[in-house]
Amino acid sequence: MMWPLQGAEMTKGKTQWKEFLEAVSVLQWVLSFIFLGLACYILMVYLMFTSLWPLSTLYFIWLVMDWQTPERGGRKTIFVRKWRVWKHFRDFFPVKLVKTAELSPNKNYILGCHPHGIFSVGAFTCFSTDSCGFAEVFPGVRPSLAILAGLFRIPFFREYIMSAGLLPVSKPSIVNSLSKSGKGNAVVIVIGGAAESLEASPGVHTIVVKQRKGFVRVALELGADLVPVYSFGENALFKQVIFSESSLGRKLQDLFKNIMGFAPCLFVGEHFMFLPYRTPVTTVVGSPISVPKCASPTEEEVDHYHKLYMEALSKLFHEHKVSCGLSESHELQIT
């Protein structure tokens, strides 16, 4: 496996100041991912017991009135997507976007991204920022990354993630994005979700998709083409404690996942636990699978296109694994 060596080589030729900026850019994002939501809850409650309580009250009223906005397209701002910090973030690993086929701006798409990893670095960098040049690689196509819907219920935090163009991964949100804004829309879904994050570990290529067919059904209902995406190197960014299926640790993780919607992964990075390894992440976008529009698709139709999707994903992995740093012996395990 070539990733660790390549990651070390990537620091050659960089100034210490550049390396510092990259590390800080990644660290702020990881810490925001883990702690910012909780901090926003605490801030909201704290303000209620200070002289600024009217501010908290007014925001709560606004929150109730604005509750449906995330599922109606949110409030994307180009400014946030173009922040300079995302270029330093990209360069830390680095993250690279690879095109294998054209995506017509006259179609809508659902991109299934794999694997989830711990933080879905490849999906975020390529589809929720402009740092990897998606607009230049796929002109006329507008990507939106769909994430855990519960995050849009967190006060203040929801405004931040909406400004980056993130959407809740719910059917109303996806339908709105692919049916209300013409053509050239691409919703990106990390299909494996929390279950897949629990399998993330260096050298492991396990994806969870066999029983996940909802995205295929929505694609059929809307006539949106399916596109498989694989982020090579995603699982190598952190070392994770993997519990066996029957262990108490895994049962507690599953319980938390069922209640909260995400899994508490026990991981460690290169520095201070939270900083990932400097491992290249190459996000390869596969060829679109043409999907007809069916208002009420049958189970047979869903199964047919779901099978085509899994076959295309497996083909994508095996065609690009060697060029993306893996050996020929690596296999993709689909569960």
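Does D225 count as buried or exposed, and at what relative accessibility? At 6% relative accessibility D225 counts as buried, where buried means under 20% relative accessible area, exposed over 50% and partly exposed in between, with a 1.4 Å probe and protein chains only.

This is a predicted model, in which local features need pLDDT of at least 70 and side-chain atom pairs count only at pLDDT 80 or more, while totals for chains, interfaces and linings use all residues. Residues are numbered from 1 along each chain as its sequence is written, and side-chain values use heavy atoms, leaving out hydrogens and water.

D225 lies in strand β7, strands being DSSP runs of E with at least two residues and helices runs of H or I with at least four, numbered from the N terminus. The side chain of D225 reaches the backbone nitrogen of V291 at 3.0 Å, a polar contact being a pair of N or O atoms within 3.5 Å, within protein one able to donate a hydrogen and the other to accept it, with residues adjacent in sequence counting only if both atoms are side-chain atoms.

Strand β7 belongs to an open sheet of seven strands with mixed pairing, in the order β1-β10-β7-β2-β5-β3-β4, where two strands pair if DSSP finds at least two bridges between them. With β10 (residues 281-285), β7 (residues 225-232) pairs in the antiparallel sense over four bridges, and V229 stands opposite V285 there.

Strand β2 runs parallel to β7, joined by six bridges, and Y109 stands opposite D225. Six of the six residues of β2 are buried.
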